Amino acid sequence: MVPRPGSDINLVSNPQAIAGVEAERGITSMGLSICYSTLRWRNPDLPAALAALKEAGWDGWEGRLSLDWLGPPSRLRRVCADAGMPMAVYTAAGTPDHRDRETVERNRRRMEFAAEMGADCFMFMNGGKPEGREVTDDEVRAAADGAEAWAEYAAGLGLEISYHIHTNCLVDSIDHWKLYMSRVKKTGLCIDVSHAKLWGYDPVASLRDFRSQLNYVHLQDYSSCTRDEEGRYHPQWVSVGEARGVDFPAVRRTLGEIGFDRVVTCCPGEPAHEGEDPVSESRRSTAMREYVRSIGF
């Protein structure tokens with residue numbers, strides 16, 4: 001294929017040229033970057049959606065889409081460069097709690113993709129709980145050992161992984177969270193401040209207590225939460241700043257005090273607005289970006 005004049009096709013094998021184009025179009029290295037979680041996106045018009053996120057004021061995005069939709073890193077780098085919107089974090093499909101070959105290999109491909117994209121880290125969560133009984137400490141330890149195997153592979157790619165705490169998963173209490181983190185050495189931590197609070201762990205205290213392992217932060221907001229007979233949490237998620245279920249200004253001050261200088265990602269509420277596509281969602285996210293900017297992000 002012969003490149004068009006002015007096209008980016010010759011950037012594929014030229015990282016220095018890619019870096020130059022990124023700088024020209026406003027992509028900077030990840031310092032403290034305020035990014036948007038695309039957890040609601042399904043098969044988006046990615047160039048248009050990323051352009052809308054840029055217009056809304058975000059510094060980057062957390063990607064969760066399948067590799068067959070994203071295409072090769074060479075293609076996605078051009079899309080991100082055109083929009084001035086880097087992929088800050090890429091996420092797992094499945095969990096290191098499970099050691100089967102398919103899960104391991106699928107996520108090695110995703111880690112390789114994240115590394116080639118220059119993502120700040122690769123995020124994952126726990127799987128579900130066993131049915132009809134309590135989670136044992138040994139199960140938590142085994143899940144942490146699985147994460148360490150992922151971290152070892154990622155380290156060979158120059159990539160960090162980040163364990164995202166989440167209610168209603170295998171690790172679902174403060175004690176099990178602490179046990180899990182005591183077991184890992186190479187695996188980083190993503191504290192979602194809303195899930196910490198739902199467990200009864202003050203978000204500010206959790207950021208301080210785990211700061212040596214912290215490599216990613218999620219901001220998420222909820223207006224109310226109930227628990228059912230089985231102990232499952234049922235929060236009503238809203239966009240960050242709508243309910244202020246978490247003291248987000250205190251979170252911002254704490255991140256500054258502990259010297260956190262990585263990626264902070266904001267999550268939209270649910271359910272998605274009826275008939276709303278990713279471009280419309282990105283435009284609506286302007287209000288959330290304005291709120292977090294108002295408190296110092």
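What follows covers the model, its aromatic pairs, its charges over rings and one serine.

## About the model

This is a predicted model, where local features need pLDDT of at least 70, side-chain atom pairs count only at pLDDT 80 or more, and totals for chains, interfaces and linings use all residues. Residues are numbered from 1 along each chain as its sequence is written, and side-chain values use heavy atoms, with hydrogens and water left out.

## Aromatic pairs

There are 14 aromatic pairs here, counting rings of Phe, Tyr and Trp (its six-membered ring) with centres within 6.5 Å; planes under 30 degrees apart are stacked, over 60 edge-to-face, the rest tilted. Tryptophan 177 and tryptophan 199 make a tilted pair, because their planes sit at 50°, with ring centres 5.6 Å apart. They link distant parts of the chain, 22 residues apart: tryptophan 177 is in helix α7 (residues 174-183), tryptophan 199 in the loop between α8 (193-198) and α9 (203-209). Helices are DSSP runs of H or I, at least four residues, numbered from the N terminus.

Tryptophan 177 is buried at 0% relative accessible area, and tryptophan 199 is buried at 9% (buried means under 20%, with a 1.4 Å probe and protein chains only). Elsewhere, Tyr90, Phe113, Phe122, Phe124, Trp150, Tyr163 and Tyr180 form one aromatic cluster.

## Charges over rings

Arginine 252 lies over the face of phenylalanine 297, 5.1 Å from the ring centre. The cut-offs: NZ of Lys or CZ of Arg within 6 Å of the ring centre and within 35 degrees of the ring normal. Arginine 289 has its charged end over the ring of tryptophan 58, 5.7 Å from the centre.

## Serine 285

Serine 285 sits in the loop between α11 (278-284) and α12 (286-294), and is buried, with 5% relative accessible area. Leaving aside residues up to four places away in sequence, serine 285 touches Tyr36, Leu53, Ala56 and Trp58 (contact means heavy atoms within 4.5 Å).

Notes:
Helix = DSSP H or I, 4+ residues; strand = E, 2+ residues; numbered from the N terminus. Buried < 20%, exposed > 50% of the residue type's maximum accessible area, 1.4 Å probe, protein only.
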